[in-house]
Amino acid sequence: RDSAVNQNLLEDHTFIQYKQQVENLKVVKERLNRPLTYAEKLLYGHLDDPHGQDIQRGVSYLKLRPDRVACQDATAQMAILQFMSAGMPQVATPSTVHCDHLIQAQIGGEKDLARAIDLNKEVFDFLSSACSKYNLGFWGPGSGIIHQIILENYAFPGALLIGTDSHTPNAGGLGQLAIGVGGADAVDVMADLPWEVKAPKIIGVKLTGKMSGWTSPKDIILKLAGITTVKGGTGSIIEYFGEGVETFSCTGMGTICNMGAEIGATTSVFPFNNSMVDYLNATGRSKIAELAQLYKKDYLSADQGCEYDQIIEIDLNTLEPHVNGPFTPDLATPISKMKETAEANGWPLDIKVGLIGSCTNSSYEDLTRAASIIKDAASHGLKAKSIFTISPGSEQVRATIARDGQLQTFQDFGGVVMANACGPCIGQWDRQDINKGDKNTIVSSFNRNFTSRNDGNPATHAFVSSPEMVTAYAIAGNLGFNPITDTLKDADGNEFKLKEPYGVGLPPKGYDRGQDTYQAPPKDRSSIDVIVSPTSERLQKLEPFTPWDGKDAERLPILIKAAGKTTTDHISMAGPWLKYRGHLENISNNYMIGAVNAENGEANKVKNHYTGEYKGVPETAAEYRDAGKKWVVIGDENFGEGSSREHAALEPRFLGGFAIITKSFARIHETNLKKQGLLPLNFVNPADYDKINPDDEVDLLGLTAIAPGKHLTLRVHPKDGEAWDAELSHTYNSEQIEWFKYGSALNKMAAAKK
Ligand code: F3S
C-alpha cells in the first residue's frame, strides 16, 4: 500500500516507506522488548541495520537513513560543492535547497528582494544550476523560509528529515523527526552514507487542559525554555503528549517544535493527530493523511506505558502569555509580571519596533489573530505606535493573506511587509530608526534574541513573544502594557480594552500558492553546466583531495602547537568570513588564526620551520603545501569543540595538513577530520604533549598496517638531541580507514559508485 503514495506533490520518484519502517520496528521491538515512545519509533524505523544496531538512549550511536535533506542558501554552498567533488551523477536521497538567508530587509518586500537577487546573483545562479544538475529541488529567492516550505510541501508524519539549519525541528509539528545538522552530515546523506547520531534521550512534555484568550502555542515553548534553560534539552528529543496535544493547529505545533532549538534539543515532535490530517488536506495531501491514519496504531503513536527519561508538565488552562528576553530566549517572564520586572531591571519600556512573522510564527492562524487585534484597534482610531514589520514565512502565506485582506489590514495600520525571507531574524536588517549603541527595546515573534542578532546593535534589548503579544505591544508602544488587564485610549481619549485575538487555523477559501518560485530538476540533466566563475570571490569548485600515498610520513614540520582551548571558532572563525563559505581557498585564510601558539602565547604567529620567518598560520601552512611538505598540528584537550562546521576540517586538508595530534578531540570535529582524509590522532600518554617542541620534526609510523584499535607511533626528532617515540591512539573503524586511504569519505563513496 505504501508504494502508491508519494512523499509530496512535487516529486514523482519519492515514496513513503511506512511498511519498511514498521518492519524495522518489529525487529527492534523483539530485541528491546519494551514499549517505545513516538520519537523512538520514528528513529528506530529509520535504522540502517535494525538487527545489528546497538540501542541505548544517551549512549549508543545510531546509524539512520533519513527520508530527505534540506539546505538553506548560506549552508548549502559548501555542502553542494563537496557533493560535486564526489563525482556522483545525482543525490542519493531526495534533497532541496531554499534561498532565504541572503535577503536583507531594508525598505520592503519587492525592492529588497530585487536588491538581494542582484547582490547574490552568483550564489543563487550556482545553487540553481547545481540543483538542476544533481537532481535537487530549488526554491528560489522570494519563495519563503526553508522551514515553512518544508511544512507546506515536504513534511509528513513519521518521516525523518535532516536540514542544515538549527530550526529544522519546525516540521515536528507535522509529526516527523526533523533535525538540524552541519553541512558534512548533509553531504553524507546526499551521497548515500547513513547518518550517525548519538541515540537521544527522550524528554516527555505532558500538556493538560486547553489554552484560551491571549495565550498561544508560542507561550508553551517560552514557558518551557524558562523551565529547562537553553541547555536543558541537549542530547534529547522533546516529545509532547497528553490531552492538550489535541488542542492546537498543526502550524501551532510547528511553532513549538521550531523553538525547541532554543533549549538545545536534538529535535521536538508531536505525535500524529487530527490537526495534522486537517493540515495535510488543506495543503493538497489527502493521500498522505489517509495512509498515515492506516499506520497510526503500528507506527504513528507512542506505545502504552512507554518511558521518558524526564517528564515536564504544563497546564494549558493556567498558562499565561510570556515574553522572553532580553539577550537570551530562556529568560521567561509571564505578562502579568512584565511591567515590574522590566522596571526593576531597567529595560527600556518604550518599544521601538515590533516584528512578526519568520519561520517560527507566520502561519495563517498567527497572521489572522494578529490582524484581528489590529482591526479592533483600528475601529478605535488607533495605528501602530512602534514601527511594525511583517516577515511572511512563505509566498503561499503572503499570497493567501493578500487575497484574504489581512495584508491590507497590516499596511493600513502602518505595517511594512518584508520579503518572504529570514531578514531581521538573522541580522539581515538595515535598521535606520536608531544609531548603533542606542539602548532600545524591540519585540519579535521570532525565536532567537541573542545580543546583536537582529540589528547588530549590542544595546538593543530584544524580546521574543507571540505574534499576538507583539501586535498588542506595537499598538501600545510600551513593554509594561498587559492587554489582559490594561486599557488603551481611543482617538477621542476614551478608555477601552483590546478584544481577545481571534483567528482561524486554515484559510476557509484554501491556500493561494502565489507566484511559482519552485524549480524542479529537469529529467535530462546531462547537458547542464554548474556555474562557478573561476574568478569568483565567493564560490570555488572543490577538487577531490589526493589519496594517501601508501607510505608512513617522515620528517613533517609542526605547523602550530596550539595551547589551551581550541574551538571551531578558533579553527575557522565566523563573522566577516561567512561570505567565503562557498570558497575554500578564501576561507582557508582564516585557518587557526584564533588559536594560541604554545611557543609564544600569540595568536596567528608561527615560525616557518625552514626559513625561520614568523607569519600567520594559514600563510605558513600554504608555504609548506606549496613546497610539497605535509605538516601536522599538535593540540590540547577537546580540540575542535563548538559547532559542526565542516570548514574546520576542510581547511587544514586544503592547506596540505596530514595529521592533527591532540590530547583529545570533540567528537564531531574528529569525525569531520576523518571524512576529509586527515588523521585525527591522540597521545596515549597526554604528558607527551608537553614534551613536544614546536621546532621538532615528526614521523608517523605504522600507517601501512593501520587497523582499528591498533596504535601508531609518533617519532619526534628534536632540533638538538635524540629522537624519541610517543604512542598514538585513534578511533578509526575499518570503514573509516578506507576514507583515509582514498583521501576522503567522498572519494571512497565515489569509487564505490563507479
Ligand atoms: Fe531564518 Fe530566522 Fe528561521 S534565520 S530559518 S527565520 S530562525
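Predicted model: local features only at pLDDT ≥ 70, side-chain atom pairs only at ≥ 80, totals over all residues.

The chain is assigned domain 1 (2-315), domain 2 (322-496) and domain 3 (553-753). The centres of domain 1 and domain 2, taken over C-alpha atoms, are 28 Å apart. Their contact takes 40 residues from domain 1 and 39 residues from domain 2. On the side of domain 1 that touches domain 2, four helices can be named: α4 (109-119), α6 (146-154), α8 (217-228) and α9 (250-258). Each of them supplies at least two residues. Which helix gives the most to that side? It is α8, with six residues. By class, this side of domain 1 has twelve nonpolar, 21 polar and seven charged residues.

Two of those helices, α8 and α9, also pack on each other. Their axes are 8 Å apart, at an angle of about 20°. Angles under 35 degrees count as roughly parallel. The two helices, α8 and α9, are therefore roughly parallel to each other. Their crossing is right-handed. From α8 come Pro-217, Lys-218, Ile-220 and Ile-221. They meet Gly-252, Met-253, Thr-255 and Ile-256 of α9. This contact has five nonpolar residues, two polar and one charged.

Helix α13 covers residues 364-379, and helix α16 covers residues 467-476. Their axes come within 8 Å and cross at roughly 25°. So α13 and α16 are roughly parallel to each other. This crossing, too, is right-handed. The α13 side brings Asp-366, Arg-369, Ala-370, Ile-373, Ile-374 and Ala-377. The α16 side answers with Pro-467, Glu-468, Thr-471, Ala-472 and Ile-475. By class, the contact of α13 with α16 has seven nonpolar, one polar and three charged residues.

One further helix pair is worth a look. Helix α3 (residues 73-85) packs on helix α5 (residues 121-134), with the axes 10 Å apart and an angle of about 45°. That makes α3 oblique to α5. Here the crossing is left-handed. In α3, the contact residues are Asp-73, Ala-76, Gln-77, Ile-80, Phe-83 and Met-84. In α5, they are Val-123, Leu-127, Ala-130 and Tyr-134. The contact of α3 with α5 divides into eight nonpolar residues, one polar and one charged.

Finally, two backbone details. Gly-325 and Pro-326 are joined by a cis peptide bond, with omega about 0°. Where is Pro-326 placed? It lies in the loop between β12 (322-324) and β13 (332-334). The other detail is Asp-192. Its phi is near 80°, a positive value in a residue other than glycine. Asp-192 is in the loop between α7 (183-190) and β7 (195-198).

Technical notes: Residues numbered from 1 in each chain as written. Axes fitted to C-alpha atoms, helices over the stretch in contact; angles between N-to-C directions. Parallel < 35°, antiparallel > 145°, perpendicular 65-115°, else oblique. Left-handed = near helix turned anticlockwise from the far one by under 90°. Contact = placed C-beta atoms within 7 Å. Nonpolar A, V, L, I, M, F, W, Y, C, P; charged D, E, K, R; others polar. Domains from an automatic or database assignment.
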